[in-house]
Amino acid sequence: VHARMCGFSKIKDRRIIDPPIIVEVVPGQGMDVSRRFIDNPEDFQCHITLWSPDCTEASIVVHPRYKPHMNMNFHPTSTAADKYCQCLVGNQVVGGQVLQDLDGETKIFFILNDLSVRVQGDFRLRLQLVCMPESSDTPPVVADTQFSEIFTVFPAKNFPGVRESTELAKHFWRQGVPIQIKRDFS
C-alpha cells in the first residue's frame with residue numbers, strides 16, 4: 001500500500017491510497033457476527049484514523065496557511081481548531097457491505113476507497129470496528145481495534161505510480177462496488 005500526497009488546496013485534488021484498502025470482518029473470540037449484521041451490515045461501522053508508524057500518536061498538523069488573527073486589543077481571535085487540520089482526508093467512517101468473496105462466500109467487508117493523506121511520510125491506519133446497538137438506549141460498542149501495516153505517502157516527484165488492482169478489488173467492482181481499479185488496456 002502507498003499513496004501520493006494530496007496537499008492542502010481547497011481544489012478537489014484527491015490522491016487516494018493505492019490500492020484501496022479492503023477489510024473483512026472475521027468473527028473471533030468474543031465477537032458474534034450474527035444474522036442481524038448480515039441482514040443489516042450498516043449496523044457495523046469502521047472508523048479510520050491516521051497514526052504514526054509506532055502507533056503512539058494520531059496525525060494532525062499545523063495547517064500551512066494558518067495565520068493567527070489579532071483583534072484591536074492585540075489578542076488572538078483564532079482558535080486551536082483553526083490552527084490544526086487532519087492529515088487524513090475522505091470518508092473516515094464506512095459502513096459494512098455484504099459481498100461475495102473470491103470463494104463465493106457471503107461476508108461483511110469495509111471498502112476504504114476514498115482516503116487521501118495530505119503530508120508525506122510513513123503512517124499506519126487505525127481501524128476501529130464499531131457495532132451499532134439495536135436499541136437507542138445502548139451506546140455503540142467498539143468490538144475491535146487494529147492497525148494496518150506501515151505505508152508510505154510520497155510527494156508527486158517520487159511517487160512510483162499506481163499499482164495493479166488486486167483480484168479482490170476487481171471482484172468487488174464486478175459486483176457493483178464503486179471502487180477505482182486499474183484496467184489493463186494492452
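What is on screen is a predicted model, in which local features need pLDDT of at least 70 and side-chain atom pairs count only at pLDDT 80 or more, while totals for chains, interfaces and linings use all residues. Residues are numbered from 1 along each chain as its sequence is written, and side-chain values use heavy atoms, with hydrogens and water left out.

Stay on Asp-101, which sits in the loop between S8 and S9; helices (H or I, at least four residues) and strands (E, at least two) are DSSP runs numbered from the N terminus. Is this residue buried or exposed? Asp-101 is buried, with a relative accessible area of 7%, on a scale where buried means under 20%, exposed over 50% and partly exposed in between, using a 1.4 Å probe and protein chains only. Now show the side chains of Asp-101 and Lys-107, which are joined by a polar contact of 3.1 Å; such a contact is a pair of N or O atoms within 3.5 Å, and within protein one must be able to donate a hydrogen and the other to accept it, with residues adjacent in sequence counting only if both atoms are side-chain atoms.

Next, select strand S9 (residues 106-112) together with S8, which pair in the antiparallel sense over four bridges; two strands pair if DSSP finds at least two bridges between them. Leu-99 stands opposite Lys-107 in S9, and the bridge partner of Gln-100 in S9 is Thr-106. The hairpin of S8 and S9 has five residues between the strands, and Gly-104 there takes a positive phi near 85°.

Move on to helix H3 (residues 167-174), in which Ala-169, Lys-170, His-171 and Phe-172 are buried. The cover over the buried residues of H3 includes S2, S8 and S9. Just after H3, Gly-176 takes a positive phi of about 100°.

Then colour the largest nonpolar core, which has 24 residues, those with the most contacts inside it being Ile-48, Leu-50, Phe-110, Leu-112, Val-117, Leu-125 and Phe-151; a nonpolar core is a set of buried Ala, Val, Leu, Ile, Met, Phe, Trp, Tyr and Cys residues joined through side-chain atoms within 4.5 Å. Two or more residues of this core come from each of S2, S3 (44-51), S9, S10 (115-117), S11 (121-131) and S13 (151-154), and S11 gives the largest share, five residues. Apart from this core lies another, of eight residues, among them Leu-99, Phe-109, Ile-111 and Val-177.

Most residues other than glycine have a negative phi. Cys-55, although not a glycine, has a positive phi of about 65°, and this residue is partly exposed, with a relative accessible area of 26%.

Finally, zoom out to the whole protein chain, which has three helices and 13 strands. Of its 186 residues, 35% count as buried. Among contacts with a separation of 6 or more, residues 24 or more positions apart account for 66%.

Terms used:
Contact = heavy atoms within 4.5 Å.
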